[in-house]
Amino acid sequence: MPTGKPDDIMTAWSRRLVYAGIFLIPFTRIRGGGIQVSDLIFVIAIIVLAFSKKRAKIEPMAVAWHFAIFIIVIGGIGASVNAISPSASILVIARMVFVILFWPWVIRHVLVEERLKHQAMYAFVLGCAVSGAVEVLQTKFHVFILPVVGSTSGRATAFTIQPNELGACLALGITFAVGLTLQLGAGRYFHRIVSVGLIAIGLILSGSVSSMFAALGGCLVLLIRRRVSLRTVLVTLFAIVVIYVGGTSLLGSNSKSLNPIARFEQTVGNGQSSNTGSARISTDKGAWHGIVEDPVFGHGLDQTSSIVYWDPYLGVPYQTHNFVLMVWFQGGLLFLLGCLVAIISAFRRVSGAGRRDPTRDIIFSGAIASLIYSMTAPVIFQTWFWLPFVLAMTYSLTRTPAQAQRSAERPASVGDRHVNARSGRVTALSVPGSGS
């Protein structure tokens, strides 16, 4: 929670840089020196905050999270010994240390109030909404701000390298957007609803079936946890139909092959000898064979060591398309255990009796969306995957008497958001003597 003292200039600028970095997470193709621009901005934010003399006093990071980092590093080093490219494998370890050590450090110090967490999530939502708008330009008006890399079969990529990566960001983005709209309202000029619409249309234009299921899963969990009324559910279903019609109409000549139903048929096969569903299953089988060969130390974290299947129809190599199997195959048992400990620790902070509130529900649902997608895609260190888990770690498990009283007084329905919206009050999250 805030210490009562105003931020110094370093903390204020670090927070602005964090917002900018989160906004740019969906822009994975925009890089500097081979590194994503969003990551470079986060590095600058970390350096700026390190020079601050008025950093917020926050609880120490959970022991479980530090334990996770430790065994991830140990497991990663063991896996790098077996890697085809040990130096590239070590770079993946460095990337993981950045994502689950230094990145959470800066976020926990600058997002010490609930309203700041809302702003951070909305920064990501805006980045996804901009991507959705760019997809419309690409698909309907053939305006390509960045040239398309490789074959995408007419699927939009916006500022990413390939459509599925874009879809993964949008699945998390729409879960955040729906949650913030339920909690804070549509906003002046209905900007949150506009963001939901752009992201939903973007999901359709990306043609990523896994991302669509992830988005539906995340939003469904959110609606259940928020105990929304039947009317809200019906309005949501109507909005989905409207967005579906609007999105497929924007596909133009690709409408017959890239609408969600057609994409689902392509994924599961529909009588074809080759489809993305069977390819994913083949990667999982290949990874499992590798796990049986060496379940403890893994095969290396570098991209070359990650290949487990060669598509005979397309002549394309594939990584494992399942988070658990991929991490286990490449990093070994310790690396997998570290990742699972970190994820479980994050879930624990935004779920369970006595730790429920609307903002935590949004983060919990976003984490579900990311996790659903990761079960069908190659994911290890991507910031869009870890964002909800890192945000979860900004919360304390300790409840003060004031928090308990607010929880007891909070209505069971989502109607309390209207009270907060009208009064303009945003409650800080209190912890004993400090922050997040």
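Phe 190 sits in the loop between helix 6 and helix 7. Helices here are DSSP runs of H or I with at least four residues, strands are runs of E with at least two, and both are numbered from the N terminus. The model is predicted: local features need pLDDT of at least 70, side-chain atom pairs count only at pLDDT 80 or more, and totals for chains, interfaces and linings use all residues. Residues are numbered from 1 along each chain as its sequence is written, and side-chain values use heavy atoms, with hydrogens and water left out.

Stay in that loop. Phe 190 has a positive phi of about 55 degrees, although it is not a glycine. Tyr 189 is found in the loop between helix 6 (163–184) and helix 7 (191–206). Its phi is also positive, near 65 degrees, and Tyr 189 is not a glycine either. Most residues other than glycine have a negative phi. The classes are simple: buried means under 20% relative accessible area, exposed means over 50%, and partly exposed lies in between, with a 1.4 Å probe and protein chains only.

Now the whole chain. It holds 17 helices and four strands. Of its 436 residues, 55% count as buried. The chain exposes about 19,000 Å², and carbon and sulfur atoms supply 68% of that area. Accessible areas come from the Shrake-Rupley method with a 1.4 Å probe; for residues, only the protein chains shown count as cover. Take the contacts (heavy atoms within 4.5 Å). Among those with a separation of 6 or more, 78% join residues 24 or more positions apart.

Ala 56 and Arg 108 are 52 residues apart along the chain, and their C-alpha atoms are separated by 9.0 Å. Ala 56 belongs to the loop between helix 2 (37–50) and helix 3 (63–81). Ala 56 is buried, with a relative accessible area of 15%.

Helix 1 (9–23) and helix 2 each supply at least two residues. Helix 1 gives the largest share, three residues. Ile 47 is found in helix 2. Ile 47 is partly exposed, with a relative accessible area of 47%.

Turn to the strands. Strand 3 (residues 307–311) and strand 4 (residues 316–319) pair in the antiparallel sense over four bridges. Pairing requires at least two DSSP bridges between two strands. Ile 307 has Gln 319 of strand 4 as its bridge partner. Four residues lie between the strands of this hairpin, where Gly 315 takes a positive phi near 65 degrees.

Last, the cysteines. Cys 169 is buried, with a relative accessible area of 0%. Cys 219 is buried as well, at 14%.
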